Amino acid sequence: ARDSGDSVHAAIEAVLLGNVPTSHHDAANGIALWLSQFVTSRQALHVEAALAWDAATGKARRLGIGRAAYENALPNERCGTADCMAVIDGVLHCWDWKSGEFGAQKARMQLRTLAVMGAAWLSLDTVRTFSVLVDATGNEAPRVVVTEELGPLDLAEHASALRDGFDRVKDANPVLGEHCNDCFCGQRGTCPERASLVESMSVSANLVQLGRGNPLTAPLQS
């Protein structure tokens, strides 16, 4: 699923940059046609803009295209990549392509963070965000799953939450919670906190005699 999503993103990026995609032509062309109702000029689009945000100063800058540009970031900067952005009537629009329904539904925090970075980069105070579900086959039209408009106070509130989170995460230990199911955590499957929980729940079963012909002789190991 991830490989498919990456290839869909690559195809959309290619089309929006004026190139020919190697796969998913219909899906990518469908996005380009769908975007044309909002933005008439391809040059007005910021495609795969890698942004670096300084939490201390609240300033942001563009590093380049795609996550490979993160190597140009300073140690005090946090990075994020917006699939597509454009300024329409003084409002920053931020679109994020999702190839799965689950990812599309859970994109609100990601989009708010990109909104903070994009607004700081372009010196704007209003952002509209869109999580857009893309059919990899191109048979179905793009569908907005989550959308939100963030004004100056909303952006300031999320920026403050980010600063607080960054300050706390330096010395933080993993904490299990509902977010484990909602987020694409890099420690999924290897989280020491989850491993500790599983270990504590392991049961060493005692020998149980259920009948002369049916004993349970092996203890539970996992």
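Predicted model: local features only at pLDDT ≥ 70, side-chain atom pairs only at ≥ 80, totals over all residues.

Biologist: How many bridges join strand 4 to strand 5, and in which sense do they run?

Modeller: Strands (E, at least two residues) and helices (H or I, at least four) are DSSP runs numbered from the N terminus, and two strands pair if DSSP finds at least two bridges between them. Here strand 4 and strand 5 run parallel and are joined by seven bridges. Strand 4 also pairs with strand 3, in the antiparallel sense and over five bridges, and in that pairing Met 85 stands opposite Cys 94. The hairpin of strand 3 and strand 4 has two residues between the strands, and Asp 89 takes a positive phi near 55 degrees there.

Biologist: Are the two faces of strand 4 covered or uncovered?

Modeller: In a regular strand, side chains alternate between the two faces of the sheet. A residue is called buried under 20% relative accessible area, exposed over 50%, and partly exposed in between (1.4 Å probe, protein chains only). In strand 4, Val 91, His 93, Trp 95 and Trp 97 are buried on one side, and Leu 92, Cys 94, Asp 96 and Lys 98 are buried on the other, so that both faces are covered. Eight of the eight residues of strand 4 (residues 91-98) are buried, so this strand is largely enclosed by the rest of the structure.

Biologist: What surrounds Glu 77, leaving aside its neighbours within four places in sequence?

Modeller: Contact means heavy atoms within 4.5 Å, and with those neighbours left aside Glu 77 is in contact with Ala 52, Trp 53 and Arg 61. Glu 77 belongs to strand 3 (residues 77-88), and it counts as buried because its relative accessibility is 12%. Its side chain also reaches the backbone nitrogen of Leu 74 at 2.8 Å.

Biologist: How many salt bridges does a search of the whole structure find?

Modeller: Side chains of opposite charge can pair when their charged atoms come close. A salt bridge is a side-chain nitrogen of Lys or Arg within 4 Å of a carboxyl oxygen of Asp or Glu, and the search of the whole structure finds seven. In one of them, the side chains of Glu 148 and Arg 112 meet at 2.7 Å, N to O. That pair links distant parts of the chain, with Glu 148 in strand 6 (residues 143-150) and Arg 112 in helix 4 (residues 108-122), 36 residues apart. Glu 148 is buried at 17%, whereas Arg 112 is partly exposed at 23%.

Biologist: Which residues does the salt bridge at 3.0 Å join?

Modeller: Asp 164 forms that salt bridge with Arg 168, and both lie in helix 5 (residues 152-169), four residues apart, about one turn of the helix. Asp 164 is partly exposed at 39%, and Arg 168 counts as exposed at 55%. Elsewhere, salt bridges that share partners join Arg 108, Arg 112 and Glu 148 into one network.

Terms used
Residues numbered from 1 in each chain as written. Heavy atoms only, no water. Polar contact = N/O pair within 3.5 Å; in protein donor to acceptor, adjacent residues only side chain to side chain.
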